[in-house]
Amino acid sequence: MNIPLQIFLNSLDSGGRLALATMGIILIFRTSSAFNFAQGAISMFCAFIAASFLQATGMNVWVSSLVGVLGAVSIGIIVDRVVIKRTTKLHSVHKQIITLGLVMVFLGLAPMLFGSLNRLYPRFAQGSQTILNASITNGAIVNISIGISVMILLFYIIQKTKWGLGVRATASNDTVARMMGIPTTIITMGAWAVAAALGSLSAMMVAPDVQVQFAMMDSIQITALLACVLGGLGTFFGPVLAAYLIAMSRNFIAFYVSSVWADAIVYLLILAILMIAPNGIFGKKIIRKV
């Protein structure tokens, strides 16, 4: 067996799930100036929507996942219109505390609406393939393809479209963007909708391995936040690349060093890197003239 290639392919799979969640968090951070600590809870809630639809209708996993993503978009819009819109004049710390409150809301609603039992969720594809003596499941191939395709599409939209220009302008300076006629409220609403959709897609990739349950996205949420800081909060692409780097580092360390201490070693490495580069690997130091 080609072990390095096997670990690399597995890392692309797990890294894609992490990158989707990371992109959602950094998108909201750049447009709303706050970390969304409720990203994992919202993603879990949408995974329950998809799993419940699948169980109730017997439709295939693709249709159920689409229902989960549409539910996520709706939830993202509702959260922005009902909650975030009213916090525009608050400090970013206050916004983050509010997202912590949203965690409690979704963790409370989930058992009330869906019950306390875990739900099974199938992979997007069955079977497996062998590539250069490395085995990979068809489900993992689909996950890798979705993760990379979605990231390329989002980066293209951000860099080449009018909506992307609005996102970048809002991320740079919300007040100036609003003075220039950019509808920053619509941009922020769209960012929350897209972020919720990305998180739910990540949750539905994770679900076949851990089942749909209340704590399914906890580790993804924590690691995604670390990826944002490691990659640099001033960029969109940096956190995504950091997410893949973290996934690969963890898997290689787990195999070649220690599976028990892999997470701890990765966290120590991240801390060491941030001590050398406080703004992240791809971040830039912002100098303000007075």
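**Group meeting: salt bridges and core in a predicted model**

The protein has 11 helices and two strands. Those are DSSP runs, numbered from the N terminus: helices are H or I with at least four residues, strands are E with at least two. This is a predicted model, so local features need pLDDT of at least 70 and side-chain atom pairs count only at pLDDT 80 or more, while totals for chains, interfaces and linings use all residues. Residues are numbered from 1 along each chain as its sequence is written, and side-chain values use heavy atoms, with hydrogens and water left out.

Overall layout next. From the N terminus, the order is α-α-α-α-β-β-α-α-α-α-α-α-α. The radius of gyration is 19 Å, close to the 19 Å from the globule rule for 290 residues, so the protein is as compact as a globular protein of that length. That radius is taken over C-alpha atoms, and the rule is 2.2 Å times the number of residues to the power 0.38. The C-alpha trace spans about 60 × 50 × 35 Å along its principal axes.

Now burial and surface. Of the 290 residues, 48% count as buried. Buried means under 20% relative accessible area, exposed means over 50%, and partly exposed is in between, with a 1.4 Å probe and protein chains only. The accessible surface comes to about 14,500 Å², and 69% of it belongs to carbon and sulfur atoms. Areas come from the Shrake-Rupley method with a 1.4 Å probe; for residues, only the protein chains shown count as cover.

On to charges. How many salt bridges does a search of the whole structure find? Five. The criterion is a side-chain nitrogen of Lys or Arg within 4 Å of a carboxyl oxygen of Asp or Glu.

Start with Arg17. Its side chain meets that of Asp13 in a salt bridge, 3.0 Å from N to O. Both sit in helix H1, residues 3-32, four residues apart, about one turn of the helix. Both are also buried: Arg17 has a relative accessible area of 10%, and Asp13 is at 9%.

Arg17 has another partner. Its side chain meets Asp209 in a salt bridge at 2.9 Å, N to O. Arg17 is in H1 and Asp209 is in helix H8, residues 184-210, so this pair ties together parts that are 192 residues apart in sequence. Asp209 is partly exposed, at 41%.

Follow Asp209 onward. Asp209 forms a salt bridge with Arg123, with the closest N and O atoms 2.7 Å apart. Arg123 lies in the loop between helix H4 (92-114) and strand E1 (128-131), so this pair ties together parts that are 86 residues apart in sequence. Arg123 is partly exposed, at 30%. Through shared partners, Asp13, Arg17, Arg123 and Asp209 join into one network.

Last topic, the core. The largest nonpolar core has 82 residues, and those touching the most other members include Met23, Phe106 and Val150. Such a core is a set of buried Ala, Val, Leu, Ile, Met, Phe, Trp, Tyr and Cys residues joined through side-chain atoms within 4.5 Å. H1 gives the largest share, 13 residues. Val150 touches Leu20, Leu198 and Leu201, leaving out residues up to four places away in sequence. Contact means heavy atoms within 4.5 Å.
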